[in-house]
Amino acid sequence: VAAGEGAAPSPASYFAFSYLPAAPMAGSSLRFGQPIHNVGFEWSPPTFKGFRYHLTVAYSGVGSYSGIRVAPLQFGYPTTVHERGELRFEIEPILSILEPSVYGTTSASLVTMSTGIEARVNLWYRHLYAGFTPLGFDFRYFGSFGTPAGSRTVGDGAADFRLHFLVGYAF
């Protein structure tokens with residue numbers, strides 16, 4: 001389909017509901033022993049040619065800890081694989097440079113820093129958007145644990161396997 005002849009519009013921006021579960025794979029003191037669940041929103045504004053910026057803010061829970069996860073520096077490079085009429089299918093590798101998380105309970109707190117990478121499949125129909133990441137990884141490289149008795153900082157690392165599900169609206 002030639003441009004302008006019924007092709008799916010290239011979205012200037014989108015806002016999506018995001019669910020990102022993660023399963024612990026490897027690590028030592030920064031490895032969580034349970035799955036991590038992140039529920040929130042992702043926004044992608046207009047970006048420089050060829051690249052797509054992503055901002056994700058989510059409620060995060062793991063075991064008895066709950067908190068917030070923010071991914072303010074994510075960049076993807078979408079490639080259209082198939083396009084027909086108002087339907088477009090993309091593959092988008094995404095690099096997450098900075099992902100701070102803050103967790104807490106009534107008696108302890110935890111701050112972590114991580115980075116990540118994922119391969120996302122995007123489906124666009126008119127102004128509707130759906131995304132799925134079948135393959136993604138998080139790498140925690142810093143953590144600070146705090147309790148009323150004191151705190152300790154750890155810099156040894158951990159890795160998680162993650163999926164990512166998104167449903168949203170392009171405008």
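This tour walks through a few strands and then one serine in a predicted model.

Before you start, note that residues are numbered from 1 along each chain as its sequence is written. In this predicted model, local features need pLDDT of at least 70, side-chain atom pairs count only at pLDDT 80 or more, and totals for chains, interfaces and linings use all residues, while side-chain values use heavy atoms, with hydrogens and water left out.

**Stop 1: strand S3**

Select residues 52-62. This is strand S3. Strands are DSSP runs of E with at least two residues, numbered from the N terminus. Eight of the 11 residues here are buried, so S3 is largely enclosed by the rest of the structure. Buried means under 20% relative accessible area, with a 1.4 Å probe and protein chains only.

**Stop 2: the partners of S3**

Two strands pair if DSSP finds at least two bridges between them. Pick Asn38: its bridge partner in S3 is Ser60.

Find Gly61, opposite Ser66 in S4. Then click Gly63. In the hairpin of S3 and S4, with two residues between the strands, Gly63 takes a positive phi near 60 degrees.

**Stop 3: Ser96**

Go to strand S6, residues 87-104, and select Ser96. Is Ser96 buried or exposed? Ser96 has 1% relative accessibility, so it counts as buried.

Show what lies around Ser96. Leaving aside neighbours within four places in sequence, its contacts (heavy atoms within 4.5 Å) include Ala71, Thr115 and Arg162.

Methods
Buried < 20%, exposed > 50% of the residue type's maximum accessible area, 1.4 Å probe, protein only. Helix = DSSP H or I, 4+ residues; strand = E, 2+ residues; numbered from the N terminus.
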